[in-house]
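Please keep the sequence and the structure at hand while reading.

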Amino acid sequence: MVILDKKNPWVGAIWSLLSPGLGQLYAGSTVVGTLVLAWWIYVAYKAEAVRMWLYSFLGDYNAVAEMVDWQWFLFMPSMYAFAIYQAYTAVIESNTLYDIEQIRYLRVRDENLSQQKTVANNKVQIIATFEHSPFVEIVIHEMEKIGVPKENIVAMPLENLKASTHILDSLHSVDGRSLLDGAMLGGTIGMVLGSIYGFVLYLGPIIWGLLGLIGGFTLGLLIEIAISKGQLKLFSPKKSEVIIQVTCNDTLQEQLIKILKSGKAMGYLVVPQRIDV
């Protein structure tokens with residue numbers, strides 16, 4: 001059984017920053033995560049990476065250069081950067097798949113239920129907007145539990161017309177249009193070069209590899225920003241993605257509003273009754 005849920009792509013990247021493979025496991029890619037983690041452990045063992053870390057932070061850089069198996073060690077920069085970026089994109093793909101599956105569910109649900117055409121005097125209509133998240137289905141379920149008929153709950157996804165380029169993908173607004181492609185490419189190149197020249201520089205390959213990762217990432221990000229200037233935003237904006245319209249007895253109005261608030265609704269409106277004179 002596969003369970004989809006909204007996850008934060010940066011959490012996946014941080015897990016891979018701690019150890020390649022953990023971010024993939026967080027994203028739900030069990031097979032990929034297991035393979036990446038196993039290969040990383042094997043390469044780290046062959047390269048004497050654990051001892052290199054220890055002696056690097058003890059300041060014995062000459063010992064680091066002597067003990068390393070550089071043929072295995074040079075696999076590590078590209079593996080490390082790849083694991084971070086792949087975990088980040090894997091979470092984005094999982095979130096996108098979640099949105100697609102929820103859109104399908106809501107559309108099928110709407111087709112299977114007849115919609116109420118008229119509103120009686122003792123009825124109230126409430127409209128609310130949500131982001132794609134598990135809260136949408138929780139809210140629908142809670143409304144049904146307090147006695148609102150299924151056919152009186154209309155939940156449909158919205159079509160967002162424009163997506164701008166942004167630097168960081170947030171938890172809910174992920175569409176793969178961030179600028180981290182070039183940044184991670186630059187980070188990979190910088191880490192490889194730092195590791196290579198670290199064998200002859202004072203701080204050793206470990207420290208220079210990390211410095212190369214940071215420097216290459218920053219340089220790649222600046223180049224991407226320069227190319228995309230004019231249509232760039234730092235964060236992806238939040239978007240209303242699902243609209244729910246519910247018709248029920250006016251005695252349930254307060255309960256419905258509490259459900260909407262607890263379900264993280266972005267906003268709601270109690271539709272005013274119009275009286276013909």
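## Overall make-up

The model is predicted. Its chain contains 11 helices and 6 strands. Of the 277 residues in the chain, 41% are buried. Among contacts with a separation of 6 or more, 78% are between residues 24 or more positions apart.

## The sheet

An open sheet is formed by 4 strands in the order E2-E5-E1-E6, with antiparallel pairing. The edges are taken by strand E2 (153-157) and strand E6 (267-271); each has a single partner strand, so one side of each lacks a neighbour in the sheet. On average, neighbouring strands are turned by 15° against each other, direction ignored.

Strand E1 (residues 123-130) and strand E5 (residues 242-249) run antiparallel and are joined by 8 bridges. Within this pairing, threonine 129 has isoleucine 243 in E5 as its bridge partner.

## Helices on the sheet

Helix H8 (residues 134-145) lies across E1, E2 and E5, and runs at about 5° to E5. Helix H11 (residues 253-262) also packs on the sheet, where it touches E1, E5 and E6. The direction of H11 makes about 5° with that of E1.

H8 and H11 pack against each other as well, with axes 9 Å apart and an angle of about 160°. Because an angle over 145 degrees counts as roughly antiparallel, H8 is roughly antiparallel to H11. Their crossing is right-handed. On the H8 side the contact is made by Phe135, Val139, Glu142 and Met143, which meet Leu256, Ile259, Leu260 and Ser262 in H11. By class, the residues of this contact are 6 nonpolar, 1 polar and 1 charged.

## The H9 and H10 pair

Helix H9 (residues 180-197) packs with helix H10 (residues 204-227) at an angle of about 150°, and their axes are 6 Å apart. This angle makes H9 roughly antiparallel to H10. The crossing of H9 and H10 is right-handed.

Technical notes:
Residues are numbered from 1 along each chain as its sequence is written. This is a predicted model: local features need pLDDT of at least 70, side-chain atom pairs count only at pLDDT 80 or more; totals for chains, interfaces and linings use all residues. Side-chain values use heavy atoms; hydrogens and water are left out. Two strands pair if DSSP finds at least two bridges between them. Helices (H or I, at least four residues) and strands (E, at least two) are DSSP runs, numbered from the N terminus. Axes are lines fitted to C-alpha atoms, for helices over the stretch in contact, and angles run from 0 to 180 degrees between N-to-C directions. Contact means heavy atoms within 4.5 Å. Angles under 35 degrees count as roughly parallel, over 145 as roughly antiparallel, 65 to 115 as roughly perpendicular and the rest as oblique. A crossing is left-handed if the near helix is turned anticlockwise from the far one by less than a right angle, and right-handed if clockwise. Ala, Val, Leu, Ile, Met, Phe, Trp, Tyr, Cys and Pro count as nonpolar, Asp, Glu, Lys and Arg as charged, and the others, Gly among them, as polar. Buried means under 20% relative accessible area, exposed over 50%, partly exposed in between (1.4 Å probe, protein chains only).
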